[in-house]
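Look at the sequence and the 3D structure below. The text after them goes through the contact between the chains and then turns to a single chain.

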2 protein chains.
Amino acid sequence: MNTYKRIVLASRPHGEVTPDNFRLEEQPMPQLQEGQLLVRNHFLSLDPYMRGRMEETKSYAAPQPLNETMIGGTVGEVIESRHPKFAVGDKVQGMFGWSEIGVSDGALLRKLDTSRIPLSAYLGAVGMPGMTAWYGLTQIMKPKAGETIVVSAASGAVGSVVGQLAKERGCRAVGIAGGAEKCRYVVEELGFDACVDYKAGNLQDDLAKATPDGIDAVFENVGGGGFDACLARMNPFGRIALCGLIAGYNGEPMALHNVRAFLTMRLTLQGFIVSEHMDLWPQGLQELGGLVASGKLKFRESVAQGLESAPDAFMGLLKGRNFGKQLVKLV
Amino acid sequence: MNTYKRIVLASRPHGEVTPDNFRLEEQPMPQLQEGQLLVRNHFLSLDPYMRGRMEETKSYAAPQPLNETMIGGTVGEVIESRHPKFAVGDKVQGMFGWSEIGVSDGALLRKLDTSRIPLSAYLGAVGMPGMTAWYGLTQIMKPKAGETIVVSAASGAVGSVVGQLAKERGCRAVGIAGGAEKCRYVVEELGFDACVDYKAGNLQDDLAKATPDGIDAVFENVGGGGFDACLARMNPFGRIALCGLIAGYNGEPMALHNVRAFLTMRLTLQGFIVSEHMDLWPQGLQELGGLVASGKLKFRESVAQGLESAPDAFMGLLKGRNFGKQLVKLV
């Protein structure tokens with residue numbers, strides 16, 4: 001290999017993301033300096049937060065710079081090392097972005113044990129998405145056994161973990177997902193108590209049937225009509241962990257109508273970003289890793305082949321075309 | 001006095017409250033039984049929460065029953081007592097409603113010291129409105145010195161206390177109020193740093209000028225456009241105490257548009273009802289009472305004369321025609 005491929009942000013989207021927002025580039029292989037190591041990325045993680053980074057607006061993170069490698073979490077293998085703590089063959093997780101390789105000085109790099117947990121799971125249930133679910137559930141929703149929790153995008157990388165962790169804690173777990181197939185998976189494979197198909201056109205009635213005792217806590221990934229339908233079913237002192245508003249990521253109006261419920265039901269809503277709570281990652285990852293290793297925590301992956309497929313897979317993710325955690329296989 | 005007057009809820013409003021929702025009644029004076037006492041109410045408190053009770057919808061409290069005395073806080077004087085702990089002449093606070101008199105067995109009745117605090121203040125800054133301000137500020141907004149807080153309905157019974165307590169804590173306090181006169185009062189009399197007149201037509205620009213460092217915490221009484229304007233100015237980890245949504249009390253649409261701010265700024269929103277936190281009242285009332293007695297906490301009252309004026313005064317309150325705490329003087 002004398003060169004490697006990467007994808008940079010070529011332009012910012014106006015509304016929907018389009019293929020020409022990205023550009024595939026071939027780069028010369030870097031030369032390692034003392035204290036550095038070279039990683040061949042095996043999997044790239046595609047996540048909704050990337051859509052926000054493509055904008056230039058005020059948000060929790062700096063915008064993705066133009067003409068630089070698109071941000072993203074990766075797992076891979078060390079193929080060359082001039083770093084005392086990393087050896088060729090080590091499996092590592094990093095933030096090397098949409099790129100076949102990455103160079104690191106070891107900072108922010110995490111060595112992975114793949115003896116009981118598959119490499120790709122460190123980008124999903126035992127990685128950032130799993131931690132996002134764990135944080136929102138345990139720190140904001142704080143559900144008690146017997147309570148009803150609802151999670152949107154329930155078949156996705158985050159939502160699927162939220163519901164399974166809630167079941168572990170003795171809750172009634174209800175999902176919202178798009179399409180009968182995803183809903184069947186959420187109930188039959190993941191073990192949720194019910195799943196409402198928002199594409200079926202009876203969201204409010206179906207949610208009412210699925211939550212006969214009301215809703216005590218919500219994990220919100222989507223926003224829009226599903227969020228409003230949940231607000232209308234909240235019990236007093238309900239908690240809402242706001243993780244994403246994917247329905248509005250292209251600038252669609254995101255008005256919330258059932259605002260009175262916050263007052264009449266004394267609800268608490270909290271927006272959060274899991275990367276700001278690194279102190280809790282060891283605790284969360286221990287629980288998640290144990291559940292994945294023992295087969296109790298199930299997950300599903302949509303795997304696109306080759307770096308070139310990343311833009312298409314990402315656009316599909318934003319439209320809900322993925323089914324489970326969206327990955328790009330690079331090797 | 002062989003009879004006394006009271007006002008009952010005659011019908012529920014459809015949209016705006018109208019005079020025929022109320023009915024003035026003359027009742028025979030009650031005969032006291034052993035263990036009871038009779039109170040002549042001097043002041044009746046009019047508060048926005050009463051609008052919610054007039055509805056029959058699911059909320060935090062049971063609806064006001066038809067044909068019974070309208071709910072309300074009162075202060076007055078014991079005029080007859082067959083209760084060992086209350087003597088004629090004692091000043092008391094109770095929930096006797098829109099009525100010239102009240103009979104009690106002493107439960108939920110609070111004896112008042114009017115040597116340093118005027119009787120009517122126990123319905124305002126040293127009563128439920130003051131406690132509402134204190135709870136929202138200290139338990140939800142938790143402002144640090146140097147932070148900017150914004151409160152809507154800033155010249156009102158609750159808002160005026162929020163801003164003054166925030167100033168005591170070293171914050172920049174910014175009010176939102178309707179009209180130049182109220183805004184002048186909020187800044188010049190109450191000592192807020194700035195006040196935005198939402199009727200002037202430049203709410204967003206004026207709020208931006210008044211909050212050059214953004215907003216760290218909001219006390220929301222109104223909802224609607226002012227709330228959205230605040231959301232657009234929030235700093236990371238901002239806190240919002242949701243106390244009221246008076247702009248939507250007649251069933252007006254109350255959509256919130258800047259929902260993304262909750263996520264991008266990792267905001268926390270909490271709705272609350274101060275009567276559910278009675279454990280904190282002694283602590284809060286001690287601070288409020290001390291500040292009123294020493295003249296540091298200023299307040300203003302709109303006083304309507306006579307029980308018959310209560311419906312009009314209440315309808316004015318819902319339209320913001322009052323200036324400060326709305327009371328009805330009954331004696």
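How much area do chain A and chain B bury between them? In this predicted model, the two chains bury about 2,700 Å² between them. Of that area, 63% is on carbon and sulfur atoms. In chain A, the residues that lose the most area to chain B are A:Arg260, A:Leu263 and A:Arg266. Together these three account for 23% of what that side buries. The size of an interface is often given in this way, as the accessible area lost when the parts come together.

The contact can also be described by its residues. Chain A contributes 29 residues, and chain B contributes 29 residues. Between the chains there are six residue pairs in polar contact, counting pairs with both residues at pLDDT 80 or more. On the side of chain A that touches chain B, three elements each supply at least two residues: β12 (234-242), α7 (260-264) and β13 (268-271). Sorted by class, this side of chain A has 18 nonpolar, seven polar and four charged residues.

Charged side chains also meet across the interface, where two salt bridges are found. One of them is formed by the side chains of B:Arg266 and A:Glu276, with a distance of 2.3 Å from N to O.

Strand β13 of chain A is joined by three bridges to strand β13 (residues 268-271) of chain B, and the two strands run antiparallel. Within this pairing, A:Gln270 has B:Thr268 in β13(B) as its bridge partner.

How are the two chains related to each other? Two copies of a chain are related by a rotation about an axis and a shift along it. Here, chain A is superposed on chain B by a rotation of 179° with 0.0 Å of shift along its axis, and the RMSD is 0.1 Å. This is the relation of a two-fold axis. Both copies use the same surface, since 100% of the contact residues of chain A recur in chain B.

Over all chains, the whole structure has 30 of them. Within chain A, the side chains of A:Glu308 and A:Lys5 form one, at 2.8 Å from N to O. A:Glu308 is in the loop between β14 (301-305) and α9 (310-318) of chain A, while A:Lys5 is in strand β1 (residues 3-9) of chain A, so this pair ties together parts that are 303 residues apart in sequence.

Key:
Residues are numbered from 1 along each chain as its sequence is written. Chains are lettered from A and ligands numbered from 1 in the order in which they are written. This is a predicted model: local features need pLDDT of at least 70, side-chain atom pairs count only at pLDDT 80 or more; totals for chains, interfaces and linings use all residues. Side-chain values use heavy atoms; hydrogens and water are left out. Contact means heavy atoms within 4.5 Å. Buried area is the accessible area (1.4 Å probe) that two parts lose on being put together, summed over both. A salt bridge is a side-chain nitrogen of Lys or Arg within 4 Å of a carboxyl oxygen of Asp or Glu. A polar contact is a pair of N or O atoms within 3.5 Å; within protein, one must be able to donate a hydrogen and the other to accept it, and residues adjacent in sequence count only if both atoms are side-chain atoms. Helices (H or I, at least four residues) and strands (E, at least two) are DSSP runs, numbered from the N terminus. Ala, Val, Leu, Ile, Met, Phe, Trp, Tyr, Cys and Pro count as nonpolar, Asp, Glu, Lys and Arg as charged, and the others, Gly among them, as polar. Two strands pair if DSSP finds at least two bridges between them. Copies are superposed by least squares on the C-alpha atoms of residues with pLDDT of at least 70 in both.
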